[in-house]
Amino acid sequence: MSFQQKNIAVSLASFTLILGFFLFRVVQMTLNDSFISTSVFWLWGITIGLGIVVTIIGTILTHIVSTIIEAIQTGNKDPKVEDFEDERDQLIDLKGTKVAYLVFSIGTFLSMLTFVFDQPPLVMFTLLISFGLVAQIVGDISRLVLYRRGF
Amino acid sequence: MSKSRINNKIRKLRFDKDEMTQQQLAEQVGVTRQTIIAMEQSRYSPSLELAFRIALVFGVPLEQVFSYEPDDESK
């Protein structure tokens, strides 16, 4: 498994956990009748902040762990991890982004539909964030599939 | 697994060139070893520029490294 694949796998696991946390909190708020703007704004902030922090820390940790594994496997004290993106990595990243945008576009459309059912903007934006996370997850899955299957 | 219709003889040419490793070839053409593996297994068709760089490393014309298998309809 290359560095890029490991990075995507870490991102996939992280965003799945973030989506799980987000949906759990939304369901909890709905059941407790606390689905109000202040608590929902707090949740949005936490979710977006977590997404950014986890992406940065995930990349750094993947790099450190890959270097340690490479050092153990090769016995080299100064191991080189192939962390640069070549044309194949860039192409796979572009295709994954395309899939993620497609999912997010459908999600945006579905979120807008909540207005048809007289739902407040709070519901629309909560759905929008959920679809943003789902789009990231689907994008990561498609990237991993492209690495495995080829194209 | 999807196989591309562009076939190559990279593996054979590597062995003919003093058993060059995938890592050595990857470093010479500026890609990762994973990309060389994907090309050898016909899971990735390289860009024209990369194809020329690979041919240059082996010192042979492009058509000796890569060949194209047309559809039955276009034959």
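This is a predicted model: local features need pLDDT of at least 70, side-chain atom pairs count only at pLDDT 80 or more; totals for chains, interfaces and linings use all residues.

Residues are numbered from 1 along each chain as its sequence is written, and chains are lettered from A and ligands numbered from 1 in the order in which they are written.

**Stop 1: the cores**

Select I10(B), L25(B), V29(B), V31(B), I36(B), A38(B), M39(B), Y44(B), I54(B) and V65(B), the 10 residues of the largest nonpolar core. Such a core is a set of buried Ala, Val, Leu, Ile, Met, Phe, Trp, Tyr and Cys residues joined through C-beta atoms within 7 Å. A residue is buried if 20 or more other C-beta atoms lie within 10 Å of its own, exposed if 12 or fewer, and partly exposed in between, with C-beta atoms placed from the backbone. Helix 2 (22-29) and helix 3 (33-40) of chain B each supply at least two residues of this core; helices are DSSP runs of H or I, at least four residues, numbered from the N terminus. Helix 3 of chain B contributes the most, with 3 residues.

A second, separate core has 5 residues, among them F22(A), I129(A), L133(A) and I137(A).

Next, centre on V29(B). Apart from neighbours within four places in sequence, V29(B) is in contact with L50(B), R53(B), I54(B) and V57(B), contact being C-beta atoms, placed from the backbone, within 7 Å.

**Stop 2: S111(A)**

Move to S111(A), in helix 3 (residues 87-116) of chain A. Is S111(A) buried or exposed? S111(A) is buried, because 21 other C-beta atoms lie within 10 Å. Beyond neighbours within four places in sequence, its contacts are M124(A), L127(A), L128(A) and F131(A).

**Stop 3: between the chains**

Display both chains: 12 residues of chain B are in contact with 8 residues of chain A. On the chain B side, helix 3 gives the most, with 4 residues.

**Stop 4: two loop residues**

Select E19(B), in the loop between helix 1 (10-16) and helix 2 of chain B. Its phi is near 50°, a positive value in a residue other than glycine. E19(B) counts as exposed, because it has 8 C-beta neighbours inside 10 Å.

Finish at S42(B), in the loop between helix 3 and helix 4 (48-58) of chain B. S42(B) is not a glycine, yet has a positive phi of about 55°. With 17 C-beta neighbours inside 10 Å, S42(B) counts as partly exposed.

Definitions and conventions: Two residues are in contact if their C-beta atoms, placed from the backbone, lie within 7 Å.
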